[in-house]
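Please look over the sequence and the 3D structure shown below before reading on. The report then moves through a few selected places, one at a time.

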Amino acid sequence: MAVTVKTFASASEAAGALSSDRSARYLGGGTLVMRALNEGDVSISTVVRAQDHALARIDASGPRITLGAGVTFARILAERDLGFLHAPARSIGGPAVRNMGTIGGNLFAPSPYGDFTVALLALDATVAVAGGFGARDIPIEEFLQARERQAGTLVLSVSCTRPASSEAFRYRKIARIKPKGGSVITLAAHLPISGGRIAGARIALGSMAPTQIRARAAERALEGRSLDAATIAAAASAATEGTSPSDNALGSAWYRREVVGVHLRRLLSGQE
């Protein structure tokens, strides 16, 4: 089946094309859409592109940073002001994928991929989209829960909290093939400290459900407490609550449930 490619000067025009054609998909870096086309996905008849420079913009000047949906992982690694995002960006594929893959595309990457989105979920990100209902900002958790229904919208940018210190944000990807393999489990934690106690803990997990999720029981175990051994143990024990991992070639659901607490303990303890 022939595929039509439509290129627009602005993101708003591209968003209009997506919302009016259910068989259209947006082409950013191409790591997801081109793979689908090459594998014979007949549901895609139109590929939409945009040459809007705003999609590649980075604003890292304030307490919340904004990344255009077209920003690549290689660009993030080149920005010193985004050092706290270097570990998540570096964990995405190899150099070729990081040169092409984009922030916006990673939001749609299925498990066991989408590792950068785990970091964004821990950092309380907001996703700016345009589509049939106009432009709007959506909390990332809400976006992910409705991800399968977002096909007709265009992601414009993602904004997230800048951690107050390097210790406040932690990230770990467990993979069998390093550094570019799919994830067995991905974990990220944002642990703001106020008066020596954790205030506003957010822990995110990848490959532990159909989409990236928060470990809310583990967050509750941390909230209002100091980050000592007892608190870490309580959070690790609660890590599986609310998860629904699946079996795949990288690991079984049983295995993921067995080890997620171990890796969360190591993450919170600062162990390698």
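## A threonine and its polar partners

The backbone oxygen of S226 lies 2.9 Å from a polar atom of the side chain of T231, and a second polar contact, of 2.8 Å, joins the side chains of T231 and D228. A polar contact here is a pair of N or O atoms within 3.5 Å, where, within protein, one atom must be able to donate a hydrogen and the other to accept it, and where residues adjacent in sequence count only if both atoms are side-chain atoms. The model is a predicted one, in which local features need pLDDT of at least 70 and side-chain atom pairs count only at pLDDT 80 or more, while totals for chains, interfaces and linings use all residues. Residues are numbered from 1 along each chain as its sequence is written, and side-chain values use heavy atoms, with hydrogens and water left out.

T231 has its place in helix α10; helices (H or I, at least four residues) and strands (E, at least two) are DSSP runs, numbered from the N terminus. With a relative accessible area of 6%, T231 is buried, where buried means under 20% relative accessible area, exposed means over 50%, and partly exposed lies in between, for a 1.4 Å probe and protein chains only. If neighbours within four places in sequence are left aside, T231 is in contact with A221, L222, R225 and S226, contact being heavy atoms within 4.5 Å.

Which residues of α10 and α11 meet? From α10 come I232, A235 and A236, and from α11 come G261, L264, R265, L268 and S269. The residues of this contact of α10 with α11 divide into 5 nonpolar, 2 polar and 1 charged, with Ala, Val, Leu, Ile, Met, Phe, Trp, Tyr, Cys and Pro counted as nonpolar, Asp, Glu, Lys and Arg as charged, and the others, Gly among them, as polar.

## An arginine in a strand

R170 lies in strand β9 (residues 169-175), and at 15% relative accessibility R170 counts as buried. The side chain of R170 reaches the backbone oxygen of L267 at 3.4 Å. Beyond its neighbours within four places in sequence, R170 is in contact with a set of residues that includes L187, A188, L227, L267, L268 and S269.

Is H86 buried or exposed? H86, which lies in helix α4 (residues 86-90), counts as buried at 16% relative accessibility. A polar atom of the H86 side chain lies 2.9 Å from the backbone oxygen of E79, and, neighbours within four places in sequence aside, H86 is in contact with I76, L77 and E79.

A96, in helix α5 (residues 95-100), counts as exposed at 58% relative accessibility. A96 and T31 are 65 residues apart in sequence, and their C-alpha atoms are 9.9 Å apart in space.

Helix α7 (residues 115-122) is mostly covered, since 8 of its 8 residues are buried; F116, V118 and L121 are among them. In the loop between α6 (103-106) and α7 is P112, and a cis peptide bond, with omega about 15°, joins S111 and P112.

D124 lies in the loop between α7 and β6 (126-130) and is partly exposed, with a relative accessible area of 36%. Phi of D124 is near 60°, a positive value in a residue other than glycine. S207 likewise has a positive phi, of about 65°, although it is not a glycine; S207 lies in the loop between β13 (202-206) and β14 (213-214), and at 6% relative accessibility S207 counts as buried.
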